[in-house]
Amino acid sequence: MKKIKKLIIINTILLFVALAFVVYAIFSFQNFVNQPNTNIKKKIYMVILPNQSVLSISEDLQKEGIIKRYDWFYYYVRLSGKSQDIKAGVHLFYTNYSPKQTLSELIGENKNDVIFSIPPGFDIQRIAHRLNKMGFDGSEFYKLANSKSNTYELLHFKASNMEGFLGAGNYFVEKNEKASVLLKLMFDQFKNDYADLANFDRIDKNLYDKVIVASLVEKEAKVNSERPLIASVIYNRLKKNMLLQIDSSVIYGIKDFNGKLTIHDLENKKNIYNTYVYKGLPPTPICSPSYESLKAAFDPAKTDYLYFVSKNDGRHVFSTSLKQQNYWVDIYQKGKKQ
């Protein structure tokens with residue numbers, strides 16, 4: 001009889017423990033669903049792919065810092081019965097959303113989102129033009145990107161403009177996003193994409209010059225294998241105090257370039273980007289470099305090359321002497337036979 005009473009007591013205690021655990025779990029789950037993820041409000045855009053699983057979406061949301069627990073969010077979506085209502089496309093989240101608000105965004109219509117792409121090699125002017133075509137205030141963007149005070153605020157380095165530091169890639173933003181937000185977004189993407197190469201939160205003259213070199217490489221190279229070689233030519237010429245004589249830099253300094261360089265263009269001293277008359281690097285980068293170009297600027301090939309000339313296929317022939325260079329120029333640019 002005592003054993004039965006003891007067993008009843010134990011089972012009762014276990015039942016209460018189980019009930020307490022269930023109540024605690026329910027309370028914790030409800031708290032998770034309704035409580036903000038954090039007190040810090042930060043915009044995050046995320047793409048939901050067609051037929052992407054709820055589990056995959058939940059994992060991505062946690063990676064982006066939008067929710068704290070992907071497993072609980074997964075069960076929340078399943079229990080809500082709204083997993084089939086999730087819309088593919090671009091979604092805008094805030095880090096201080098609750099999971100309930102996050103789910104509301106996932107099943108929303110995404111009417112105000114825009115996707116646009118900035119390819120490597122674009123300069124500020126071309127980026128602003130593309131933004132105008134997408135319905136943004138490209139003129140304001142151009143003004144801010146060329147503002148010395150605004151540039152210093154972002155780079156913490158005295159530079160004329162933000163050229164070279166606007167990350168190439170895909171952007172997901174609201175239709176009426178401010179130009180100032182777009183500018184910071186592009187700089188943040190640049191820093192994130194190239195974080196393994198350098199800490200761009202601390203820009204100095206040496207780092208700034210590497211971005212200039214990378215932008216020159218970006219404009220001159222057509223294939224990735226040649227980027228370290230072109231970077232080596234730039235550094236070798238700088239060491240020898242030679243003029244860089246890079247056409248793309250000259251072109252950057254010509255307003256409304258018509259597509260053809262002239263002798264006047266190459267002799268024009270009013271163009272501060274004219275590397276045919278001014279030694280050293282141009283005063284700023286000339287475009288947004290790709291990762292491969294920036295990597296080449298940090299790790300150029302070890303060569304004695306001082307010249308390169310473009311072949312018909314966009315690739316280059318490299319030379320160590322002016323005599324070799326003239327020979328290849330005759331063949332590839334003047335059409336003389338070997």
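1. Aromatic pairs. Rings of Phe, Tyr and Trp (its six-membered ring) count as a pair if their centres lie within 6.5 Å; planes under 30 degrees apart are stacked, those over 60 edge-to-face, and the rest tilted. On that basis, a search of the whole structure gives 17 aromatic pairs. One of them joins Tyr327 and Trp328 edge-to-face, with 5.0 Å from centre to centre and 70 degrees between the planes.

2. Basis of the note. This is a predicted model, in which local features need pLDDT of at least 70 and side-chain atom pairs count only at pLDDT 80 or more, while totals for chains, interfaces and linings use all residues. Residues are numbered from 1 along each chain as its sequence is written, and side-chain values use heavy atoms, with hydrogens and water left out.

3. Overall make-up. The protein chain has 14 helices and 6 strands. These are DSSP runs numbered from the N terminus: helices are H or I with at least four residues, strands E with at least two. Buried residues account for 43% of the 338 residues in the protein chain. Here buried means under 20% relative accessible area, exposed means over 50%, and partly exposed lies in between (1.4 Å probe, protein chains only). The accessible surface of the protein chain is about 19,700 Å², and 53% of it belongs to carbon and sulfur atoms. Areas come from the Shrake-Rupley method with a 1.4 Å probe; for residues, only the protein chains shown count as cover.

4. Contacts. A contact means heavy atoms within 4.5 Å. Of the contacts in the protein chain with a separation of 6 or more, 62% are between residues 24 or more positions apart.

5. Rings and charges. Phe157, Phe165, Phe190, Tyr194, Phe200, Tyr208 and Tyr291 form one aromatic cluster. Two lysines also sit over rings. The charged end of Lys41 is over the ring of Tyr94, 4.9 Å from its centre. Lys210 lies over the face of Phe298, at 5.7 Å from the ring centre. The test requires NZ of Lys or CZ of Arg within 6 Å of the ring centre and within 35 degrees of the ring normal.

6. Largest pocket. Its volume is about 1,500 Å³. Of its 47 lining residues, Glu220, Ile246, Asp247, Ser248 and Ile251 are the closest to its centre. Elements that each supply at least two lining residues include α9 (205-220), α10 (227-239), α11 (247-252) and α14 (322-332). On a 1 Å grid over the protein atoms alone, a pocket is an open set of points where a 1.4 Å probe fits, with protein on both sides within 12 Å along at least five of seven lines; lining residues have an atom within 4 Å of a point. Points are joined across faces, edges and corners, and the volume is the space filled by probe spheres set on them.

7. Helix α14. Val329 lies in this helix. Val329 is buried, at 16% relative accessible area. Its C-alpha atom is 6.5 Å from that of Val309, 20 residues away along the chain.

8. Helix α7. Thr151 is found here, within residues 148-155. Thr151 is buried, at 0% relative accessible area. Beyond four places in sequence, Thr151 touches residues including His156, Phe157 and Met162.

9. Phi is positive for Asn241, near 60 degrees, and for Gln245, near 50 degrees. Asn241 is partly exposed at 47%; Gln245 is partly exposed at 35%.
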